[in-house]
Amino acid sequence: MTARPASSPQTEALSRLAESEEKYRRLFEYSEDPMWLILDNKFEICNDAAVSVLGYDTQEELASTHPSALSPPYQADGLDSFSKAEQMMAAALEKGYHRFEWTHRRKDGTDFPVEVTLTAIPYEGRTGIYCIWRDISARKDMEAALVEAKARAEEANLAKSKFLALMSHELRTPLNAVIGFSELLAAEALGPLEGKQQEIVGNIHQGGTILLNLVNDLLDFARIESGQFDMELAEIDVIGAVASSATIVADDAARCDVTIHWDQEGSEPRMARGDRLRLVQSIVNLFSNAIKYNRKGGNIWVSVEAGGAFGGMIVRVRDDGCGIKQERLSQIFDAFERGDQASGTIEGTGLGLNVSKRLLEAMGGDIRVESEPGQGSTFELHLAPANGS
Ligand code: ADP
């Protein structure tokens, strides 16, 4: 036999191979992630991490344990562990790689969830399955805590909405009585009133109306929140809806000395898809805001035109009132959000735009806004086309 020189290419290749094997053996041995190699459905080798995570004392003890003792009889998805293990290994052999969740059982009988990755590898002339897994108890606990927290939050939200709906309902009857009787008094149907008395009755009426609007906003909000909101979608005339809304706010506008410019009164109907009552409610809300957040001698321009984000109609309400700061624009549609008015003297709940936006969305439309502080605001209601489904 001829001795090969120490540095022959074969020797170098062999030593590189030994080096590489040693590297992988060390990676396997010292990894903090549990690993093992399965050959012909039996453990071939396992590492210390697997031994300690499963609560065994030595690799030999773990390797000699029947695999069925390392898992509960059934997995979280209801499959029996034996069949599922067979399925998972078959998937790994077929695709070369397979990842799934599994429940392991420690030596002391306690179960814990893991994420397993199986990789098919050539091993000593055969195909082995290299298995690496990670304890995901912390992740699972967090997921469960999140699901529970969400369920609790939803329950609390529902309880709040029910309470709001009930309270709002109960408050409306006496409020309507206050408003109705103050109207009777103001009309002097129950006898003449002196100047001061007229003023006081006027204040009672105004206060009652503000409260009723607030209660109505709360009631709508509660109904939308609890999903108890009926909407009748049909083909509706947008010009007619704007005209009705303008009539509803006419007295308020006159009292605040704000002029509504509406040139399309009596025009041909312009059809879109929506719920007429709810559209009028939303337009009235835009008008009321354009009046409230305006000044004496201010203006509101309203127009209806075809097109918009949904290809139906746009109702545009522009005012030359106080406007809204850019950084506040995205918040004004949030519930109970009053933007710059939070500390102001103008009455409001911060619910009107939130309710209107949700109404419009339920009709297949949306509300958009642009504003310039000191110059005014433009709100647009975008509606779906009449023939939309
Ligand atoms: P509310 O008027 O009851 O406060 P809204 O939801 O209708 O509630 O409006 C939210 C906020 O948006 C208002 O408090 C106000 O700051 C701002 N806002 C709405 N419309 C206008 C407008 N036309 N001009 C200026 N600010 C407005």
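This is a predicted model: local features need pLDDT of at least 70, side-chain atom pairs count only at pLDDT 80 or more; totals for chains, interfaces and linings use all residues.
Which side chain does a polar contact of 3.3 Å join to that of Thr 349? The tour begins there. Residues are numbered from 1 along each chain as its sequence is written, and side-chain values rest on heavy atoms, with hydrogens and water left out.

**First stop: Thr 349**

Select Thr 349, in the loop between helix 9 (326–329) and helix 10. Helices (H or I, at least four residues) and strands (E, at least two) are DSSP runs numbered from the N terminus. The partner in the 3.3 Å contact is the side chain of Asp 217. A polar contact is a pair of N or O atoms within 3.5 Å; within protein, one must be able to donate a hydrogen and the other to accept it, and residues adjacent in sequence count only if both atoms are side-chain atoms. A polar atom of the Thr 349 side chain also lies 3.2 Å from the backbone nitrogen of Leu 351. Thr 349 is buried, at 17% relative accessible area; buried means under 20%, exposed over 50%, and partly exposed in between (1.4 Å probe, protein chains only).

**Second stop: the ligand**

Display the ligand next, with the 21 residues that surround it; a residue is near a molecule if one of its heavy atoms lies within 4 Å of it. The closest are Asn 289, Tyr 293, Arg 338, Thr 349 and Leu 353.

- Lys 292: a polar side-chain atom lies 3.0 Å from a ligand oxygen.
- Asp 319: a side-chain N or O atom is 3.0 Å from a ligand nitrogen.
- Leu 353: a backbone N or O atom lies 2.8 Å from a ligand oxygen.

The ligand taken alone exposes 530 Å², of which the protein buries 98%; accessible areas come from the Shrake-Rupley method with a 1.4 Å probe. Colour the shell by element: helix 8 (276–292), helix 10 (352–362) and strand 12 (376–382) each supply at least two residues, and helix 8 gives the most, with 4. Coloured by class, the shell has 8 nonpolar, 9 polar and 4 charged residues. Ala, Val, Leu, Ile, Met, Phe, Trp, Tyr, Cys and Pro count as nonpolar, Asp, Glu, Lys and Arg as charged, and the others, Gly among them, as polar.

Most residues other than glycine have a negative phi. Glu 124, in the loop between strand 4 and strand 5 (126–135), has a positive phi near 45°. Its relative accessibility of 62% makes Glu 124 exposed. Asp 257 has a positive phi of about 60° and is partly exposed, at 39%.

**Last stop: two distances across the model**

Select Val 178 in helix 5 (residues 137–186), a partly exposed residue at 38% relative accessible area. A C-alpha distance of 37 Å separates Val 178 from Arg 273, 95 residues apart along the chain. Finally, select Ala 309, in the loop between strand 9 (299–307) and strand 10 (312–319). Ala 309 is partly exposed, at 45%, and its C-alpha lies 54 Å from that of Leu 193, 116 residues apart in sequence.
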